[in-house]
Amino acid sequence: MAEVLQNPHVLLKVKKELDQVIGKGKPIEESDINSLPYLQAIIKETFRMHPAVPLLLPRRAGSNTDLCGFHVPEGSQVLVNAWAIGRDSSIWENPSSFMPERFLGSEIDVKGRDFGLIPFGAGRRICPGLPLANRMLYLMLGSLINSFDWKLEGGISPKEMNMEEKFGLTVQMAEPLQAIPVVI
Ligand code: HEM
């Protein structure tokens, strides 16, 4: 939501998509999600830049392994930095820019098969809540955007928003977003 409000051109574009596919102010149904490619791209782009669990869950190396020139001894704790992967310029063009368009027409998804985008992890310990979370995100974000217009509290402009992050097991905005819904 913060990225959408910070990028008014993205907000305009997704509002237009929602208006055309669902109709202004109407609630979103699960069956609508497939017809909303730009909303889907916004969620993927948000996961790329702001994975909620930035280091996934720790792993332990089951055996001695050589990986990309590094020796990983058996029993080592291994952390996978999904946050850094999402900002890696060898994988993503302009990694610091919020550009949902990069996912339009792309096959990349968040289900653990594209290692450049693993907000739910991958492999045997992938998040079991993925199917639920993924659906809920579209319904929540899409409904908030389609049901209201939004203004930033204190009359600040999108450029003045503080987008700094606070790291921990999960990552959050350092300064929580304060936005006011305006009934359409
Ligand atoms: C946007 C929402 C969510 C995100 C981004 C997320 C992300 C993650 C990540 C990154 C992991 C670690 C996976 C790994 O290390 O490979 C994880 C594990 C897990 N998640 Fe989620 N999750 C979300 C929602 C949920 C929900 C809704 C549930 C339950 C209904 C859930 C239950 C779990 C459980 C039980 C694990 C541990 C799995 C294991 O270690 O075997 N998550 N999640």
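The model is a predicted one. Along the principal axes, its C-alpha atoms occupy a box of roughly 60 × 35 × 25 Å. Of the 184 residues in the chain, 19% are classed as buried. Where contacts link residues at least 6 apart in sequence, 66% of them connect residues at least 24 apart.

Helix α3 was examined in particular detail. This helix comprises residues 37–49, 13 residues in total. The distance from its first C-alpha to its last is 18 Å, close to the 18 Å expected at 1.5 Å a residue. Helix α3 is mostly covered, with ten of its 13 residues buried. The buried set consists of L39, Q40, A41, I42, I43, K44, E45, T46, F47 and R48. The packing partners of these buried residues are α1 (2–6), α2 (8–21), α4 (82–86) and α5 (130–147).

The packing of helices was then considered pair by pair. Two packed helices are described by the angle between their axes and the distance between the axes. For α2 and α3, the angle is about 140 degrees and the axes lie 8 Å apart. With this angle, α2 is oblique to α3, because angles over 145 degrees would be needed for a roughly antiparallel arrangement. On the α2 side, the contact is made by V10, K13, V14 and E17, which meet Y38, L39 and I42 of α3. By class, the residues of this contact of α2 with α3 are five nonpolar, no polar and two charged. An α-helix has 3.6 residues a turn, so residues three or four places apart point the same way.

Helix α2 also packs against α5, at an angle of about 90 degrees and with the axes 10 Å apart. The two helices α2 and α5 are therefore roughly perpendicular to each other. Here V14, K15 and L18 of α2 meet G142, I145 and N146 of α5. The contact of α2 with α5 is made up of three nonpolar, two polar and one charged residue. V14 of α2 takes part in the contact with α3 and also in the contact with α5. Elsewhere in α5 lies L132. L132 counts as exposed because it has 10 C-beta neighbours inside 10 Å, the limit for an exposed residue being 12 or fewer. L132 and R60 are 72 residues apart along the chain, and their C-alpha atoms are separated by 28 Å.

Helix α4 contains W83. W83 is buried, since 21 other C-beta atoms lie within 10 Å and the threshold for burial is 20 or more. Apart from neighbours within four places in sequence, W83 contacts P51, P54 and V171. Between W83 and I184, which are 101 residues apart in sequence, the C-alpha to C-alpha distance is 36 Å.

The loop between α4 and α5 holds C127. In an unreviewed entry, UniProt lists C127 under "binding site". With 20 other C-beta atoms within 10 Å, C127 is buried. When residues up to four places away in sequence are not counted, C127 touches F120 and G121.

Backbone geometry was also considered. Most residues other than glycine have a negative phi, and most peptide bonds are trans. L56, although not a glycine, has a positive phi of about 50 degrees. L56 is situated in the loop between α3 and β1 (59–60). L56 is buried, as 22 other C-beta atoms lie within 10 Å. N94, also a residue other than glycine, has a positive phi near 40 degrees. The loop between α4 and α5 contains N94. N94 counts as exposed, with 9 C-beta neighbours inside 10 Å. Thus a positive phi occurs at L56, which is buried, and at N94, which is exposed.

Note on methods:
Residues are numbered from 1 along each chain as its sequence is written. This is a predicted model: local features need pLDDT of at least 70, side-chain atom pairs count only at pLDDT 80 or more; totals for chains, interfaces and linings use all residues. Helices (H or I, at least four residues) and strands (E, at least two) are DSSP runs, numbered from the N terminus. The expected span of a helix is 1.5 Å times one less than its number of residues. Two residues are in contact if their C-beta atoms, placed from the backbone, lie within 7 Å. UniProt positions are given in the numbering used here, feature names are shortened, and annotations may be inferred rather than shown by experiment. Axes are lines fitted to C-alpha atoms, for helices over the stretch in contact, and angles run from 0 to 180 degrees between N-to-C directions. Angles under 35 degrees count as roughly parallel, over 145 as roughly antiparallel, 65 to 115 as roughly perpendicular and the rest as oblique. Ala, Val, Leu, Ile, Met, Phe, Trp, Tyr, Cys and Pro count as nonpolar, Asp, Glu, Lys and Arg as charged, and the others, Gly among them, as polar.
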